[in-house]
Amino acid sequence: MADLEATHRAIMTCTACALHKARANAVPGEGSPNARVMFVGEGPGFNEDRQGRPFVGAAGQFLNELLESIGLRREDVYITNMVKCRPPNNRDPFPGEIAACSGYMDEQIEAIDPDIIVPLGRHALARWFPRETISKLRAKPKRFGHATVLPLYHPAAALHNGNLRSTIVDDFRKIGDLLKGIGVPPPAAADPQPPTSLLDQPQQPASAPDERPTPPTPQERSETQQLHLL
Ligand code: SF4
């Protein structure tokens with residue numbers, strides 16, 4: 001059985017790929033070691049690198065609100081990324097970097113043994129479904145081993161494309177449905193609230209989401225995790 005704390009310690013001093021050279025902090029992941037739901041993003045962004053914690057920028061705040069909307073808190077789930085060190089300038093992680101880091105993900109999944117794994121965005125999706133697109137598989141649960149994998153858009157996508165916000169909110173409800181289906185009602189499921197404070201903006205006419213969001217400004221790049229999230 002993998003030891004989650006030992007994996008975290010190994011990540012903190014890892015030099016297995018070039019991403020260690022420019023990091024301020026490695027970002028192993030955080031949350032409950034007994035989480036039933038595990039979220040997997042792409043990689044740390046500017047704020048995550050500075051704080052050594054996943055999803056702490058604007059996208060992270062939206063993720064917190066999405067969790068609250070289905071009666072979950074950050075401490076109820078486990079949150080990590082495909083690569084644990086920030087790619088320079090928030091570029092996409094290279095395949096070799098993802099491969100070098102994948103063993104840590106294996107250990108985290110083995111240690112936590114979640115019922116539901118939620119890949120956020122296309123890079124995380126590729127770990128389980130390498131030839132599929134996130135727009136095709138989003139919100140479609142699939143069995144993978146004894147876990148259910150539920151790919152969703154990355155929360156940062158809503159920062160760049162307001163049309164996706166309501167889609168992401170709706171898709172998140174599937175997590176609550178899956179938990180109920182396996183007999184795990186969320187702690188506050190009796191009174192879920194839709195997220196309202198962040199990214200609350202007039203809804204634009206519905207349209208099919210593109211594979212990639214509109215590129216953000218340089219400041220947004222530093223506040224959100226990655227450019228290419230879909
Ligand atoms: S990204 Fe992963 S493999 Fe690369 S140095 Fe960081 S922890 Fe090690």
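Start at the ligand: 14 residues surround it, and the closest are C14, C17, H20, C85 and C101. Keep in mind that this is a predicted model. Colour the shell around the ligand by residue type, and it divides into 10 nonpolar, two polar and two charged residues. Next select helix α4, residues 95-112, which gives the most to this shell, with three residues.

Now move to helix α8, residues 165-181. Its 17 residues reach 25 Å from the first C-alpha to the last, close to the 24 Å expected at 1.5 Å a residue. Which residues of α8 are buried? Select R165, I168, F172, I175 and L179. Look down the axis of α8: these buried residues fall within an arc of 60°, so they line one face of the helix.

Then show what covers the buried residues of α8; the cover includes β2 (37-41), α3 (58-69), β4 (116-119) and α7 (157-160). Turn to the other side of α8, where D170, D177, K180 and G181 are exposed. Just after α8, select G183, which takes a positive phi of about 80°.

Finish by colouring the protein chain by pLDDT. The chain averages 85, and 80% of the residues score at least 70. Select residues 196-230, where the pLDDT is below 50. In the model this stretch has 80 contacts beyond near neighbours in sequence. Where pLDDT is low, the predicted coordinates should not be read in detail.

Methods
Residues numbered from 1 in each chain as written. Predicted model: local features only at pLDDT ≥ 70, side-chain atom pairs only at ≥ 80, totals over all residues. Helix = DSSP H or I, 4+ residues; strand = E, 2+ residues; numbered from the N terminus. Expected span 1.5 Å × (residues − 1). Buried ≥ 20, exposed ≤ 12 C-beta atoms within 10 Å, placed from the backbone. Arc of directions from axis to C-beta. Contact = placed C-beta atoms within 7 Å. Near = placed C-beta within 6 Å. Nonpolar A, V, L, I, M, F, W, Y, C, P; charged D, E, K, R; others polar. pLDDT = per-residue confidence, 0-100.
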